[in-house]
Amino acid sequence: MKSKAYPFYFASGALALYLLFFVLPSVMGFYLRVHRLEQLFVEVNFVGLDNFRLIFSSGSGQNYLRFVRNTVVFTIATILLKTVIALGLAVLLTNGIRRLAYFHRVVMYLPAVLPMLVVSLVFKSILNPATGLLNTTCAQPRAGLYGAALAGRCDVGAALGDRRGHLARHRLHHGDPDCGHCRRSRRSTTKRRPSTAPAALAAFRRITLPLMMPVLTVTTVLNLLYGLKVFDIVFVLTNGGPGRATDTVYTAIFDEFSKGRYGVATTLSTLCF
Amino acid sequence: VLRCQRSLHWENFATVIEKGKLVTAFGNSVLYAVGATLIGTTVAALAAYVLSRNRTRFNRAVYFFIIMGIAMPTNFVTLMKVMQITHLINTQFGIILLYAAMSIPSASS
């Protein structure tokens, strides 16, 4: 079914660029893996599989396998969290929210426009142990969610407006869980809940989830690739520290590059492949 | 510690734009983005058209060969060497071509 209408030279542009900037460097990388370079292609010594041996031995000063473990942990954790949270939000956006649905969708998509670097910088200042927003808020008694929880006046649920917390607070205030206000609200929720929640859950599990499977596969693969290649967040937030405790494979590669050990760096980059 | 300030300092924006040379930087960003997108999309669309309409065994192999680039790590040391050899290093056209090439695997899929 070869047709003259679709000549192969149409694909030549893509192939040429791809070969030049992807395949050629990778093939040259095979050469680099078994050599030790003092300067970039000026002085080259053949070292065989020493680069591989360095990475897989634990007694070589740097514990490279630890970086691999960090990367794997990061990848699995982010895949799970991202998929679960995002799927819940997506269901909410398509079914739950009636008013201003498009506005909410835009708000949800907005972080994709921001560069990861800027987000990481903002979070670095928020998460700073001494001066960050998170810790100073926690330290203030009765200020904010965590302050309320820490002060022991009510549980976190109360701060979130949860019914359970609401009940607990009432019990604390006048020792009676069955005051009229509470009973009224409890009756109204128990009447509604058992009829809708299991049905919605069943619908989600039997209908939504099976139909979503192809999409979930694609997102999982993309998340997997992103997780294995993670660099920018780690580099900005911790820079692999304290010590080298949070280094991932790609921050370790960056470190080797800056030390001029190109062979080791290239060998490390094959670990993810 | 965050504290409420007495007045707003809008001139900070002007300082940043002036000192950071943001006008030139933004112009360059636009140039790279537009150039790379144009080249990358055109080239990838041409390739995808041929590869999807002519489903020969060879074309399928070429397709998977290109798709492989999504997962393949970029080797920056050797990439810089290639850029040196082709005299594309430190040129605007070079970075446009590079960005275009990097978008080809995912764009062709």
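Trainee: Which residues of α12(A) are called buried?

Mentor: They are A:V249, A:Y250, A:T251, A:A252, A:I253 and A:E256. Buried means under 20% relative accessible area, exposed over 50%, and partly exposed in between, with a 1.4 Å probe and protein chains only. Please note that this is a predicted model, in which local features need pLDDT of at least 70 and side-chain atom pairs count only at pLDDT 80 or more, whereas totals for chains, interfaces and linings use all residues. Residues are numbered from 1 along each chain as its sequence is written, chains are lettered from A and ligands numbered from 1 in the order in which they are written, and side-chain values use heavy atoms, without hydrogens and water.

Trainee: What follows α12(A)?

Mentor: A:G260 follows α12(A), with a positive phi near 85°.

Trainee: How many helices and strands has chain B?

Mentor: Chain B has 5 helices and 0 strands, and its pattern along the sequence is α-α-α-α-α. Helices are DSSP runs of H or I with at least four residues, strands are runs of E with at least two, and both are numbered from the N terminus. Of the 109 residues in chain B, 32% are buried.

Trainee: Why does B:V16 count as partly exposed?

Mentor: The relative accessibility of B:V16 is 48%, so this residue counts as partly exposed. B:V16 belongs to helix α1 of chain B.

Trainee: Why is B:H87 called exposed?

Mentor: B:H87 has a relative accessible area of 67%, and is therefore exposed. B:H87 sits in the loop between α4 (76–85) and α5 of chain B. Its phi is positive, about 60°, although B:H87 is not a glycine.

Trainee: Why is B:N90 called exposed?

Mentor: The value for B:N90 is 80% relative accessible area, so B:N90 is exposed. B:N90 also lies in the loop between α4 and α5 of chain B, and has a positive phi of about 60° without being a glycine.

Trainee: Why does A:T220 count as partly exposed?

Mentor: A:T220 counts as partly exposed because its relative accessibility is 31%. This residue of helix α10 of chain A is 137 residues from A:T83 in sequence, yet the two C-alpha atoms are 7.7 Å apart in space.

Trainee: Which residues lie nearest the centre of the largest pocket?

Mentor: Among the 37 lining residues, A:T78, A:K82, A:A86, A:M116 and A:N223 lie nearest the centre. The space in this pocket is about 1,400 Å³. The largest contribution to its lining, 13 residues, comes from α3(A).

Trainee: How much space lies in the second largest pocket?

Mentor: The second largest pocket holds about 630 Å³. Of its 23 lining residues, A:K229, A:F231, A:Y250, B:T74 and B:F76 are the closest to its centre. α12(A) gives the most to this lining, with 4 residues.

How values were computed. On a 1 Å grid over the protein atoms alone, a cavity is a set of points where a 1.4 Å probe fits but cannot get out, and a pocket is an open set with protein on both sides within 12 Å along at least five of seven lines; lining residues have an atom within 4 Å of a point. Grid points are joined across faces, edges and corners, and a volume is the space filled by probe spheres set on the points.
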